[in-house]
Structures are given as C-alpha cells and as structure tokens.
Amino acid sequence: MRPLLLSHITASSCIGTGVTATLDSLLRQRSGLKHCDFETVDINTHIGEVQGVDAVRLPENLHKFECRNNRLAELGLRQDDFFEAVQQAAMRWGRRRVGVFLGTSTAGILQTELAYRERDPVSGALPSSFDYAPTHNSFSVADYLRQRCHLEGPAVAVSCACASSAKVFGSARRMLEAGLIDAALVGGVDSLCLTTLYGFHSLQLSSPAPCRPFDVARDGISIGEAAAFALLERVPDNVDGDSVLLLGIGESSDAYHMSAPHPEGRGARRAMQAALKAAALEPSDIDYINLHGTGTPSNDRSESRAVAGIFGPTTPCSSTKGATGHTLGAAGALEAVISALAIKHGLMPGGVHTTHTDPNLMVHYIRDNRRAPIARVLSNSFGFGGTNCSLIFGRAA
Amino acid sequence: MTLSAYISGLGVLGPGLVNWPETAAVLSGQAAYQPAATVLPMPTILAATERRRVGRVVKLALAVALEATSQAGEGPAELVSVFSSSGGDGHNCHELCQALSLAGREISPTRFANSVHNAAAGYWSIGTGAMAASNVLCAFDASFTAGLLEAMTQVVVDEVPVLLVAYDGEYPQPLHAKRPIPDAFGAALLLTPQRRASSIARVDVALSDLRFDRFADPALEALRCASPAARALPMLRLLAARSSGRAVLEYLDVSRMAVQIEPCA
C-alpha cells in the first residue's frame, strides 16, 4: 500500500490527557489503573478512568449529544491543538474532502443503562429526556465529531469490538486511495459503562488486580477508557524525516469462536503477515511490537504463539494495557498514538505490573523501558467475534 | 469521483419479501407488495450450539449473505466482507439493559459476547470458515449507503470481490418507542471488480447533491423509511427492472449517493 502521513495525533486515557502527559507516564512507567469506583458498579476489579470527563460540556448547539462517551470525545479533541489541526485540514482540502472514521464498541450505551433505571413504573417507558440517536447509537460519536468539526466528507463508525479503532485506519486508507477524500479524522472513543464492566465480569475475564499482561499469574483485563485521534493524509513530497507514517495494515478473521481467540493465533498471524506484506517489509524490519496483550490467559497465549511464529523470540514487545487498561474500541487508536510516540522519542515502553513473565510465552517481552532508535513498530488489535487488525508505523526517513 | 463494480449476487429478506426473485417481482410491479412479518430461516451453516445462541438479526444477516453468495456460486471462505447495521441485535441489547437495571445485575455471558456490533460478521466467519478481512460499520439511517461506499472503495482499491451485508432489526419496548424499526430487513450484494457469468449489472456510485428517490407506493415508501437497510430499495428497484438508470440514495444530511445501474445483458 501507499504509506500515509499521521499529520497530527492526540490521545487521552487514564495515564494522561494529551500526548505530553501520556509520554511522561510512559517514561515513568506509571499506571493509571485504580480500584473500580465507577458509578454504582460493585465489582472487585480495577479500571482506567480518564480524569475530568464529566466536567466537560459540549457546545450548546450540540447539546443533544450529551453523554459520557461524547464528553470524552470532546475532551480528547481539545488536547494537542487537535481541533485546530482538523480545521486547518478542512481549510486546506475543503470540508467535503475530509472524512470521519471512528471506532467504538459501546458508544453512549451508559445513557441507555441509566435511562432503564428511570423507566415509568406503570408504562415501562424510558424517560422523555433520553435521545437514542445522538447517544446510544454507535454512529453517535462519529456524528458528534463531524458536526463539531464542521466536516462534510464521508463519515462512519467502525464497531468491530476491540479491533474497532485499528480498523478505522483501513477504511480511511481505502477512501484516500480511491480519491474520495484528501484527509481523514480517524480514531477511537470508548468510555466506561456497566455493560462492559459487568459483561467481562460475567465471562470471568476481568482481573481483581491491575492487569498483568504476559505475566505467569495474569488473570484478566482491567477495563479502561480513552479518546485517541490521528489526522491521516497522503505523504507530501517534502515530508519531514521525523514524521510518522502508516506503512501497513493487515486485517483478518479467526473463523473460530465469538469470545475466545484461536489457540494458535491463526487469525492474528494472518493479520500480521498481511500488514507486513502491505508494507513490503520482512519481520526483521520491525523494531518493537505493541501487543494486544490484554492480560487474559488465553489472549496472551494465543498472541504469543502468533508473534513467535512470525518474529521468533527476539523482537522486543510489550503491552501498554498494564498502564492504560484495555480501552476496548479505543485501544487500536490509543496504541497507534503510543506507537507513534515510541518512534518519535525512541522509547520501547516496558510492560507495567508484569513481574514474572510467563516462560511459556516464547516472545521477548520487555518489562523495563528501553531507549533506542525505532524505525518501525507493529501494533496488534484483536476483538470478540474473531476480528483482527495489525498496523505498522514507521519513520518517514 | 466515481467508483465502479459489478453486482454479481443479491440477497434480500424483509417483511413480505422472502428472497431476491420475489422482491424483484414486487419492485418491478409484476406482483403486489403484501406486507407480512419477516420470516427468518434457521442458519444451517452454524453448528447446533451456535444456532441456539444467535438472535434474529444474525439469522437475517446470514440468510441474505448466503443468498447473495450461493446465487453467484462464490465460495465464502476467502471473501472479504463489509457488514453494516444501525443497531445490531435490539432484543439482546434490551435484555442486557434490563438486567443491568435490576438488583444483582446478573447478565448472561453469552448475551454479552453477542452484544458486539460485529456479532453477525463473527458468526458468518465461524459458519463459513471465512478468514478474510471483515469490517463492521454503523452510520445510523445512512448505514446501507455507508456500507456500499466502504465496499465499493475496497473493490476498486484492493481489486477483490467484496460481500456487502446490510441488515437491521427491531428493538422491543421500551427502546422501540425511541427507535421504531418495525421488523427485520436485510440486503446483501456481492460486488466484483470484473464482470462474471452471474453479474446482474454494472454499478457506478458517486456522492451527490441530487434529491433522493422515494416510492409512490405508500407501503414500500414506509418500508424504505422504517429500516436503515431498506434505504437500498431505490437501487434494488432499478436492478429488478433490468433497465439502465440512476437511483439516488439517502446518505448523510449533507450528501446523497447517486447509483448508476447498467444491466448485464
């Protein structure tokens, strides 16, 4: 594929709002996870909550979009001059030539969960204040951002569980390549809600402790939330050598099980190979792998087999979910931004909370930060339904 | 900017519309439209345990996907797919929200796993063994058009056949009052970069400022408006008529999609 330029990036998660705070936490190996005190949730688990989400107010004319997920989107948009960068792209290319591709798994479902507690005792009706389209529907966050940024190009929400905001890069790339748009606002926004907290608990996939990806004693995920965005454009002739490019995308399906990964990482392997092929790279060209690394026994085993099968046991890799938690539909975009920061700052972030790397996982899992020049990073995102996406980022020169 | 492909397989299922040939008869005026509850077949491609777990919209999506691919003689195993739906499984969503509103908040792990928007795509992959890329989209009422745009870019840019599956089902009350989709409707298109023996028509799509098409028949117009996937009906009407022409489909508030159809003789 033709590489694309990440002309602007931003990320907000429990380790920081904006890239400066995010990088600082990564450098200090600081985790943002805490014991769950979200809403009325009564589960013994840890969460990664973004600070200040509910203090955010949406612009008056977009009041109907008020819900935690869109407040998180707005908070994310305000960091790193990202909103201004989008406006400049709209000026440069025209509002109809900028598309919006947003990944989310649950959008504003929290709004519906709250509304169900306020049903009319006689009729069972939801409260009149509840508005489905701008909060509950998966498109709500994409629609909010396109209206907020006054963009008139193609817009869509991608909702492929935990691979959602990795796959948005694929949709945007095809639109750019087809010539329908000149720039794309891509990203992921997913926020804490009862469905995912109680849902992963029901599957016994959430850990009571802060998650420990690739640890011998790992026992599940910690759910987080995030808003992470990138502005994607074609690579200009005079591109700065320090810029970060999207070099490859690989997508696949497991054809195995709805909520369990293939034991040998069959689909994961296929996604990574497809990304390498798209980038015309060999496994030895990858300097660091940002793993999906959720911290469940089955995911990490399956992913390690797929990674080891392609890269062998020496390529440094880690999961940043011990720091950020698993931000579900936002994870792909959050880890794309972390991958870009890794390249820009020569940082391989060590996996936080992991103390005894599982000796059965035959990959080179790093627990301590490493400073070294990084030319290329591969980032994995996998989801329920057996959906997989691998992205490769690299320095322009 | 125009994107071109061939429609080489079609599947349709909806209220009073049992498959593509019968839908074509209605849309071309050879048969009267008689609305009736959508009848969803049991998905035979799934093992018995999975068959018991799937909801109505999964059955709907698999049915139209199978009709479109079997008509074209296309083996699904290596087929790239795009699934597009506004709301996914409304009944499953209601059950989860209901359980979470009660003391105890005991929710079924199967319901949670099935709550992902890509559940139908996941079951399609499991049932057919398809390991190719599958994308799953939502654009509220524009979900069909957004799916068509995504599928067309994939056909043109990656030069591969793509299966588009657009489907939507009803929410039960109390969500039904907030999102009144009356019944299940789905449409699947097999889009190919080259003309094949099974090709029905060449299709050219472009974003447009034209006014979108409506139906004079009130029942068909009601169906078009009620289900996001049924926003495909003006395009299906042209395909049913087997004549050249242009359909304009609803898309976002700022744009529509013009679909030019040229039948394969």
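1. In this predicted model, 51 residues of chain B are in contact with 54 residues of chain A (contact: C-beta atoms, placed from the backbone, within 7 Å). H7(B) supplies the largest share of the chain B side, seven residues. By class, that side has 30 nonpolar, 17 polar and four charged residues (nonpolar: Ala, Val, Leu, Ile, Met, Phe, Trp, Tyr, Cys and Pro; charged: Asp, Glu, Lys and Arg; polar: the others, Gly among them).

2. Strand S6 (residues 155–158) of chain A runs antiparallel to S3(B), joined by two bridges; strands pair if DSSP finds at least two bridges between them. Ala157(A) has Cys138(B) as its bridge partner.

3. Chain B comprises 10 helices and eight strands (DSSP runs: H or I, at least four residues; E, at least two; numbered from the N terminus). Of its 265 residues, 59% are buried, that is, with 20 or more other C-beta atoms within 10 Å of their own.

4. The largest nonpolar core has 231 residues, with Val337(A), Ala61(B) and Val64(B) making the most contacts inside it (core: buried Ala, Val, Leu, Ile, Met, Phe, Trp, Tyr and Cys joined through C-beta atoms within 7 Å). Helix H3 (residues 56–72) of chain B gives the most to this core, 11 residues. Beyond its neighbours within four places in sequence, Val64(B) contacts residues including Leu13(B), Val165(B) and Tyr167(B).

5. Residues are numbered from 1 along each chain as its sequence is written, and chains are lettered from A and ligands numbered from 1 in the order written. Local features need pLDDT of at least 70 and side-chain atom pairs count only at pLDDT 80 or more, whereas totals for chains, interfaces and linings use all residues.

Methods:
Buried ≥ 20, exposed ≤ 12 C-beta atoms within 10 Å, placed from the backbone. Contact = placed C-beta atoms within 7 Å.
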